[in-house]
Amino acid sequence: MSKVTLTEIPQIEPGIRRGRNVHEGYVRACNLQFDNLLTRLRADSLYMRCLELAQGRTLVTEEKLPNLYLLLRYYLPSIGIGNIVEFGTYRGGSALFLAALAQELLPDCRVFGFDSFAGMPSTEREIDLHQAGDFRDADLLELTGFPASAGLQNIEFVPGLFENSFPDAAARIGKIALCHVDCDIRSAVAYYDASKRHMLPGGYWVFDDPLVASCTGAMEAVRSSSSSAMGCSRNRLIHTWSSGQDSLQKASLLWLLAWATSLPRCGPRGPGVSRPLRFIVDSLRK
Ligand SMILES: C[S@@+](CC[C@H](N)C(=O)[O-])C[C@H]1O[C@@H](n2cnc3c(N)ncnc32)[C@H](O)[C@@H]1O
């Protein structure tokens, strides 16, 4: 199976700094921003197959899906066995993308997609642009039948408001390796907090929304949670944290922000070196 190689970042020492895996974050983010990863992924048959499943079903942009891909391909295999939880599944696009990847790369991992599947709950007018009922066109019946037709056996959709559905489901889900938070509004994004005590050491949270123009409530939720450790810029899109959630690391630039940390048992590993990163250094100087 063809797969992309990632350019190493030798300037950053591997290892854990105050609970953070700084090196990992730089590798993902700089490859995405400076080394044309999106184009190179076109030659990765697994990525393309998973992307096809998501296309037409997902609101997650194609700049963000590679971050999830890199986590499943190169980093989740290092942290032990855990499942994937998504808060905000809608028509299933990103959840199916994750499930297709996991079926290939993480055979013991299941994906659980949480959503009302009936649209947004009530929102806060002072902070959320989205309103109750947005995204109500999800079709849970159609979605439930789809994975089998796509050959996926590792995905489950859990309907209901998170606060009603997650507590019971969490008991059977067990340890979580990745939590994808894509639910746009302050109260829902803040609910990710409930996943903390189920997180595998070194597991990751990916926040899709905080820097999306229509999701300031998501930014507020994330900032409240991480407060002093968080610094943000409006033109950056993705946040990736790990279970050292109080210690975040700024790890990428411009349109992509990968907040990457990792507990020591993750270790300082990553994909192999493909070539020097002179061009990144040059870009950073501009
Ligand atoms: C942007 S959509 C998710 C997009 C999806 N990840 C994709 O791939 O396109 C946000 C979803 O969050 C759901 N949502 C927001 N707050 C929720 C809550 N408290 N409980 C359940 N679902 C919620 C909405 O119903 C909506 O379907």
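Mentor: Helices (H or I, at least four residues) and strands (E, at least two) are DSSP runs, numbered from the N terminus. The model is predicted, and local features need pLDDT of at least 70, side-chain atom pairs count only at pLDDT 80 or more, while totals for chains, interfaces and linings use all residues. Residues are numbered from 1 along each chain as its sequence is written.

Trainee: How many helices and strands does the protein have?
Mentor: The elements are counted as DSSP runs. On that basis, the protein has 10 helices and six strands.

Trainee: Which residue of β2 is the bridge partner of phenylalanine 87?
Mentor: The strands β1 and β2 run parallel. In β2, the partner of phenylalanine 87 is phenylalanine 114.

Trainee: Which residues of β1 point the other way from Asn83, Val85 and Phe87?
Mentor: In a regular strand the side chains alternate between the two faces of the sheet. In β1, five of five residues are buried, a term that requires 20 or more other C-beta atoms within 10 Å of a residue's own, with exposed meaning 12 or fewer, partly exposed in between, and C-beta atoms placed from the backbone. Asn83, Val85 and Phe87 point one way, and the other way point Ile84 and Glu86.

Trainee: Which residue of β5 stands opposite leucine 178?
Mentor: Five bridges join β1 to the parallel strand β4 (residues 176-181), where leucine 178 stands opposite isoleucine 84. Five bridges also join β4 to β5, again in parallel. Eight of the nine residues of β5 (residues 199-207) are buried, so this strand is largely enclosed by the rest of the structure. In β5, the residue opposite leucine 178 is tyrosine 204.

Trainee: Within what arc do the buried residues of α3 fall?
Mentor: The buried residues of α3 (residues 45-54) are Tyr47, Cys50, Leu51, Leu53 and Ala54. They line one face of the helix because, seen down its axis, they fall within a limited arc, taken from the directions from the helix axis to the C-beta atoms. On the other side, Ser45 and Met48 are exposed.

Trainee: Is leucine 59 buried, partly exposed or exposed?
Mentor: Leucine 59 is found in the loop between α3 and α4. Because leucine 59 has 14 C-beta neighbours inside 10 Å, its class is partly exposed.

Trainee: Is phenylalanine 117 buried or exposed?
Mentor: Phenylalanine 117 lies in the loop between β2 and α6 (140-149). Its phi is near 55°, a positive value in a residue other than glycine. With 23 other C-beta atoms within 10 Å, phenylalanine 117 is buried.

Trainee: How many residues of the shell around the ligand are charged?
Mentor: Thr58, Gly88, Tyr90, Ser94 and Ala188 come nearest of the 23 residues around the ligand, where near means that a residue's C-beta atom, placed from the backbone, lies within 6 Å. Ala, Val, Leu, Ile, Met, Phe, Trp, Tyr, Cys and Pro count as nonpolar, Asp, Glu, Lys and Arg as charged, and the others, Gly among them, as polar. The shell holds 12 nonpolar and seven polar residues, and the number of charged residues is four.

Key. Pairing = 2+ DSSP bridges.
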